[in-house]
Amino acid sequence: MAERAQYVTLGVAEELFAAPVEKVQEILDMRPIARLPQAPETLLGMIDVRGQGIPVVDLRLTLGLPPAADTENTRIIVLALAGADGDHRLGLRADRVFEVTVLDEEALDPPPAVGGAWSGRCIAGLGRRNGRFVTVLDLERLLGDIEPITQAA
């Protein structure tokens with residue numbers, strides 16, 4: 001039997017989201033973030049992870065939700081994302097991280113097809129976990145417009 005896909009489940013506001021576990025490099029406690037002048041609102045700034053500068057994006061703001069203060073549950077999920085110019089690392093601030101899990105069913109439901117401006121393009125699909133919907137994020141599409149910040153040599 002094939003291995004079932006595993007996901008890191010995370011909470012933002014009252015919603016449940018998931019990221020494919022193979023994209024997650026590590027999960028960090030909240031730490032000071034160096035702000036960047038004139039950065040987009042969703043880009044909180046940079047953190048240092050073992051000598052490497054990692055840009056941090058606020059998942060709440062990226063999803064169009066109102067900002068919220070950090071709590072003891074706030075985490076930064078360090079992701080490895082495929083980009084047009086190679087892989088890059090990015091931190092994602094989430095209200096909380098729950099667990100690494102499999103979803104109740106292997107196959108994801110597609111995002112709902114609704115008209116208008118909303119395309120659902122940042123959603124890989126919808127799954128279920130313990131009777132709740134889990135929105136599986138397409139991280140490259142959701143965060144694809146964040147350019148990797150390279151250090152000068």
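The model is predicted: local features need pLDDT of at least 70 and side-chain atom pairs count only at pLDDT 80 or more, while totals for chains, interfaces and linings use all residues. Residues are numbered from 1 along each chain as its sequence is written, and side-chain values use heavy atoms, with hydrogens and water left out.

I begin with confidence. pLDDT, the predictor's confidence in each residue, runs from 0 to 100. Its mean for the protein is 86, and 88% of the residues reach 70 or more. Over residues 148-153, pLDDT stays under 50. For that stretch the model has eight contacts beyond four places in sequence, a contact being heavy atoms within 4.5 Å.

Next, the overall fold. The protein has two helices and 10 strands; these are DSSP runs numbered from the N terminus, helices being H or I of at least four residues and strands E of at least two. From the N terminus on, the order is β-β-β-β-β-α-β-β-β-β-β-α. Of the contacts with a separation of 6 or more, 56% are accounted for by residues 24 or more positions apart.

Now the open sheet. Five strands form it in the order S8-S1-S2-S10-S9, with mixed pairing; two strands pair if DSSP finds at least two bridges between them. S8 and S9 stand at the edges with a single partner strand each, so one side of each has no neighbour in the sheet. Within the sheet, S2 and S10 run parallel and are joined by two bridges. Ala18 stands opposite Val136 in S10.

Thr135 also lies in strand S10, residues 132-137. Is Thr135 buried or exposed? At 16% relative accessibility, Thr135 counts as buried, where buried means under 20% relative accessible area, exposed over 50% and partly exposed in between, with a 1.4 Å probe and protein chains only. Leaving aside neighbours within four places in sequence, Thr135 is in contact with Leu16, Phe17, Ala18, Ile123, Gly125 and Leu126.

Pro112 is found between strand S8 (96-102) and strand S9 (123-129), and counts as partly exposed at 44% relative accessibility. The C-alpha atoms of Pro112 and Leu126 are separated by 9.1 Å.

I turn to strand S5, residues 52-58. Five of its seven residues are buried, so S5 is largely enclosed by the rest of the structure. What joins S5 to strand S4? Six bridges do, and the two strands run antiparallel; Met46 has Pro55 in S5 as its bridge partner. The two strands form a hairpin with two residues between them, and Arg50 in the turn has a positive phi of about 50 degrees. With S7, S5 runs parallel through three bridges, and Asp58 has Arg93 in S7 as its bridge partner.

Finally, the cores. A nonpolar core is a set of buried Ala, Val, Leu, Ile, Met, Phe, Trp, Tyr and Cys residues joined through side-chain atoms within 4.5 Å. The largest has 19 residues, of which Leu10, Leu59, Leu79, Leu92, Leu139 and Leu143 touch the most other members. Strands S1, S2, S6 and S7 and helix H2 (139-143) each supply at least two residues of this core. Not counting residues up to four places away, Leu139 touches Ala19, Pro20, Lys23, Leu79, Leu81, Leu92 and Gly144. A second, separate core of nine residues includes Leu44, Ile47, Val49 and Val78.
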